[in-house]
Each structure stands twice: as C-alpha cells, then as structure tokens.
Amino acid sequence: EKDVTILAIESSCDETAAAVVRNGREVLSNVIYSQIALHTVYGGVVPEIASRKHIEKVIQVIDQALVDANMKLQDMDAIAVTYGPGLVGALLVGVSAAKSISFATGIPLVGVHHIEGHISANYIENKELEPPFVCLVVSGGHSHLVVVKDYGEYEILGRTRDDAAGEAFDKVARAIGLGYPGGPKIDKVAKQGNPEAIHFPRAKVAQAEYDFSFSGLKSAVLNYLNSCEMKGETVDQADVAASFQKAVVDVLVDHSMEALRKCGYKKFAIAGGVASNSALRAAFEEACTKENIEFYHPSPIYCTDNAAMIGAAGYYEFLKGVRSGYDLNAVPGLKL
Ligand code: KG4
Ligand code: ZN
C-alpha cells in the first residue's frame, strides 16, 4: 500500500494550526499558534481579531509544519482543511489558504468537518482503535454524544440544548474571577476544593435522555454567588469550581454510560477541549473499568483545536474518494 501524506490546516476559532499526517495516524508535525493571549483581555474570543491574526499567521504556520516534517509541498497527496463549523471569518482564512495552495500545485483538496476532526484525534495515539464506538465530543462550541458507526459515518444520540460544556466552564470561570479560558483554570483550582460542598443541579431533558443542558447549571452558580454576596458570606472559589465541575462531569458520565449500556458498544472515546479535564478523565476511567468498556482519550494537545486531528479525519475522507472543488466555502453552522 502506498503511503498517503496529508497537509492539514485548521483555523475555525482562535488557533491557527497546520500539521503533516501520514496514513491518518502518524503525526509528522503539528504546529499550533494559539491566540489565547490576544483574546484574554476581552474575556473571550473576538471574531474580528481572530480572523486578522489567522491571516497574519497561516502561511508561517503551514511553512513550519512542512519544515518540521522535513517535507515539501510536492510530497503531499492531499490538503485537508476545516470548512465548518466555526467562526466564518476565521474559517475563511484556512479555506482560502488551502484552496490557493491546491490550485497552484494541483494537490487535491479535502474539506473536513471540525467535529469529525475532534473525534478522529483519538486515532492518532490509539493505533488499534477502529469504529464502531461511542464518542462524547465536548468542546467550547459543542457537546455531542455520537455513535461512530464507521469512518465518517455518525449517528447523533444527544446534543446540548443550550450552552456547550466548555462554554459553561468559561462562563462560570469568569463569574468566579478566574478569567479566560476557564476550563483549564477551573480544572486546576477544583483540585483544592470540595466537590460536595455545594449541590448544583444535574439537568435532564424531557423525552431526550441523551441531550444535555448546561445553562441552568450556569444560572445556579450565578444565583449562588449572588446570594453569598447578599448575605455577606465569602465565596470559596475552589469549592464552587469543584462543585460545578462535579455537576458537569456527573451528567456527562451518566448520559454516556447509559448510551453505552443501551447500545451495547464496548468502546468509548472522548474528544474536544473539555476532554482534557482531569476530573472527567478520572470519572470515565473508573466508570468504564467497572463496566468492562475500553476507554480512549487523546493527549491534551490533541483535545484542544489542532490540525493533526484534521489530517486524521481528512485521511479517511480521502480514502473514500472525497474531493472538494475550488468552490469550497466556509460553513459556520455545518452539521455532522
Ligand atoms: O475544542 P476546543 O479547543 O475548541 C472548540 O472547538 O470549541 O475547546 C475549547 C474549550 C474551552 O471552552 C475551554 O475552556 C475548554 O475547552 N477546556 C477545558 C479544559 N481545557 C480546555 N475544559 C475543562 N477542563 C479543561 N482542562
Ligand atoms: Zn474545536
């Protein structure tokens, strides 16, 4: 079998990223320019600033990915690029760069779904992982519970009705004065707190047992903070962080294990930025061991946005014969 080497590009939010990936699972280079520091002062991602920074960085990052892999553009069999979902202006930068390179060199272009990328991040370090399996995708913009039936073939069991899990982390972190991005900060502070200190609600969605809802939890935390202030009580930041995190983790584990039990799958994976949360990993580690389910998760660097995961997903699309035309456009609300 001939090797397939893919140049992958990702720019859907606030990371400008490029990677070279061989046969979908071997990462030859993985370059990420994170804009987090630029957006921190605003307490979240500012789309216009993100797009402008992507324009500045995208070619540098692509060049670096080729240099790190010790390869040339001509060695690439395809160019994979995230075309949605995400911020339209941010996506357009990666898509335009990929189309230009493809047009100039004749290297085939493959548009990739960002969430499919997150899921496929699991293939990189788990060489034996193959579909079918159940995957929980929890990021700043998405919370999905899906069955990966085959490469590129998904069945959505549940999704969030309001905020994404990462969004809840970011909003609660801001409310307790931890700043952006909240996920990693809450993760760290929660280690010093008591997860049983405050009882926050675990929401269920009627008639949709696998759907999530996190906006009520966020409101419960805000109400708690307000009532402490009114009563003149001091807020224990670590206890709030730990109790909030526990409420999120409980719901995610609960829904996922229920889905695994009902559907009968013995393999489970997590993906997306929130998948790097240490309490979430520990809880799944325990639950899956108890129920004899194989548990997979990417290293933190492949959980948050990166291009290696786009190269992994792009490879399986490429094998299926998927090719994008030069009319490929950014699709901010792209469905899985
Ligand atoms: O996947 P990602 O990089 O971007 C999206 O596609 O949305 O996810 C970013 C999200 C942010 O909301 C961030 O706060 C959260 O992932 N996150 C975490 C952790 N690390 C990142 N949430 C909880 N615990 C973490 N350790
Ligand atoms: Zn993402």
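Trainee: Which element gives the largest share of the shell around ligand 1?

Mentor: Keep in mind that this is a predicted model. Two elements give two or more residues to that shell, helix H5 (165–175) and helix H6 (182–190). Four residues make up the largest share, and they come from H6.

Trainee: And by class, what does the shell around ligand 1 have?

Mentor: Among the 19 residues around the ligand, the ones that come nearest are Gly-140, Gly-166, Gly-183, Gly-273 and Asn-277. Domain 1 (5–119 + 303–319) and domain 2 (130–298) each supply at least three residues to the shell. Sorted by class, that's five nonpolar, three charged and eleven polar residues.

Trainee: On to the sheet: why is one side of E3 and of E5 left without a neighbour?

Mentor: The open sheet is built from five strands with mixed pairing, in the order E3-E2-E1-E4-E5. Strand E3 (26–34) and strand E5 (109–113) stand at the edges, so each has a single partner strand.

Trainee: Last one: at about what angle does helix H11 run to E1?

Mentor: Helix H3 (residues 88–105) lies across E1, E4 and E5, at about 155° to E4. H11 (residues 308–319) lies across E1, E2, E3, E4 and E5. Its angle to E1 is about 125°.

Note on methods:
Residues are numbered from 1 along each chain as its sequence is written. Chains are lettered from A and ligands numbered from 1 in the order in which they are written. This is a predicted model: local features need pLDDT of at least 70, side-chain atom pairs count only at pLDDT 80 or more; totals for chains, interfaces and linings use all residues. A residue is near a molecule or strand if its C-beta atom, placed from the backbone, lies within 6 Å of it. Ala, Val, Leu, Ile, Met, Phe, Trp, Tyr, Cys and Pro count as nonpolar, Asp, Glu, Lys and Arg as charged, and the others, Gly among them, as polar. Domain bounds come from an automatic or database domain assignment. Two strands pair if DSSP finds at least two bridges between them. Two residues are in contact if their C-beta atoms, placed from the backbone, lie within 7 Å. Axes are lines fitted to C-alpha atoms, for helices over the stretch in contact, and angles run from 0 to 180 degrees between N-to-C directions.
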